[in-house]
Amino acid sequence: MRNIFNHNNIFAQSNEPTASQAVIFARVSSREQSRGQSTTAQIKNCEQYCNSIGITKPIRIFNITESSTHGERRRFQEMLSFVKAQGKKTLIVADCVDRIQRSFKESVELKDLAEKGKLEIHFIRECLTITDHSTSAEQLRWNMSVLAAQSYVDTLRDNVNRSMQTNWSNGLWQSFAPLGYLNAKDEKDNATIVLDPVRAPLVKKMFEEYATGQYSLQGLLKWAHDNGLTMRKTPGKPERDLPLTTLNRILKQPFYYGVMVVKGHEIPHIYPPIIDKLLFDRVQDVLHGKCRLPAKSIYGEKEFVLRGLVRCAKCGHTMSPEKHRKPSGKEYVYLRCSHLKNDCSQKPIREDSILEQLEHELTVDCKLSDEAITYIKNLVQSNLESENQLKVGTERYIAKRITELKTNKQRLVSMRIAGEIDKESYDLARMDIENELQEQEKIRASYIETETNIIETVDNVEKIFKKPLFFLKSSKIEIRSAFLRLILSNCYVDDGKAWFSLKKSLSLFVKTPNMNIWQSQWESNPCYRNENPMS
């Protein structure tokens, strides 16, 4: 290979530097480093060139890994600051133009320093020198080289965007795995995401705990700390606890039930979910103060009468119940604001205090006649029978769909054994079937657990109107809680005082004792029927 750096070379002879000292600038981005474009080769090339023009040793070598198109280019600016600090003109030697720049944003500053006699730039591959007396032709060659580098970057960006769009449409994630998952490589050495065997179970348990409505975010943060759920360890740094902002972001992350959000769009991903959507939606209700637990919950037993029923009047978020034990051993339940807004000043309030206020409110005599109550009982029975018929139809559809999915799964296995489908397509199809099977089984289980006993419910109607305290003073927490969910529309706490409102339909019954009047209002106003608490 011929040596282009000897003193007999035409380029070297006609481009003798006007600077007596030089710095070498060698750069790669991490992507280029992986392709073998190392700075070692660039530095060796630049050192040979410096020797060929009479500079035996550069005063400094900048060997950096840095993108030329993203961020502030900190190391590039460090090189320029070093050159500016020199008391005389300094030569910058680079292997080629795109090692220094791939856009025109640096050209203005470089050209200004060159014209002021602060620096001189030599680009070896282009045989190009930029000085304070560069010709228009040399300036044009420089600009054309930058334009070519910019075009390369733009083309690369287009290719990357197309690749990312394709991967997203195929359900592939393009970034760091959320907490509970790990970035990994598959058998083909392609990037993928797998479950974190340590953190995934803890993330799932954390969702389940918060879904009970028993935790404020601060309380859940303490739960995470006590159970060892920490951030992933990064090189050179110790493990650290979850910050509150990260915890809040995790609870709102749909990735955990199988959906990734890309540029505002929700796209199903191919990775195993940690939770199901039913649990995720339940957590969102708790987060946004829409906590209304059903009589039976698949995410935990009720332990508090007012769990999920009371909201803070100052910030609107749910008041979470907590047990406190006095030195005497007696336990009290307090409701504390979730404090999703840090400036909320709501103080805790004892559950007993709220229940006493409720008991006082419900001592108002119900003046409904026996005829009116009979009408209501018949109405409730009719609604429940219609609802049960709908449930039966839905359960049949779910059972039919589950049978179809199992058949499809068996057919898929047969196709794979017969070689009619490749492994990748088989895995994706099998995962889709198993995910839907799991979802359908969850829905079927929820229907079974919420099956309504019509006779018992109708018998309780008269007690609700004539003896409301019968339910409020029950020894069973679940009965007291279910009763309050049945009758209350809103319950707010403000500075130790609770404020209640009955559901519109019940309020209509209590305030309008004349059967003909409220029956007319009931049948003419759909808001009462749509909100029927007896259904």
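This is a predicted model: local features need pLDDT of at least 70, side-chain atom pairs count only at pLDDT 80 or more; totals for chains, interfaces and linings use all residues.
Colleague: Why is helix 9 called roughly perpendicular to helix 10?

Modeller: Helix 9 (residues 217-226) and helix 10 (residues 244-251) pack at an angle of about 100°, with their axes 10 Å apart. Angles of 65 to 115 degrees count as roughly perpendicular, so helix 9 is roughly perpendicular to helix 10.

Colleague: Which residues in helix 9 and helix 10 meet, and of what class are they?

Modeller: L217, Q218, L220 and L221 in helix 9 meet L244, L247, N248 and L251 in helix 10. The contact has six nonpolar and two polar residues, and no charged ones. Leu counts as nonpolar.

Colleague: What makes the buried residues of helix 10 line one face?

Modeller: The buried residues are T246, L247, I250 and L251. Seen down the axis of helix 10, they fall within an arc of 135°, so they line one face of the helix. On the other side, T245 and R249 are exposed, which takes over 50% relative accessible area.

Colleague: What covers the buried residues of helix 10?

Modeller: The cover includes helix 8 (199-211), helix 9 and helix 11 (277-287).

Colleague: How do you know that strand 11 and strand 12 pair?

Modeller: Pairing needs at least two bridges, and strand 11 and strand 12 (residues 331-337) have seven, in the antiparallel sense. R325 stands opposite E331 in strand 12.

Colleague: Why do strand 11 and strand 13 stand at the edges?

Modeller: The open sheet has three strands in the order 11-12-13. Strand 11 (319-325) and strand 13 (349-350) each have a single partner strand, so one side of each is left without a neighbour in the sheet.

Note on methods. Residues are numbered from 1 along each chain as its sequence is written. Side-chain values use heavy atoms; hydrogens and water are left out. Helices (H or I, at least four residues) and strands (E, at least two) are DSSP runs, numbered from the N terminus. Axes are lines fitted to C-alpha atoms, for helices over the stretch in contact, and angles run from 0 to 180 degrees between N-to-C directions. Angles under 35 degrees count as roughly parallel, over 145 as roughly antiparallel, 65 to 115 as roughly perpendicular and the rest as oblique. Contact means heavy atoms within 4.5 Å. Buried means under 20% relative accessible area, exposed over 50%, partly exposed in between (1.4 Å probe, protein chains only). The arc is that of the directions from the helix axis to the C-beta atoms.
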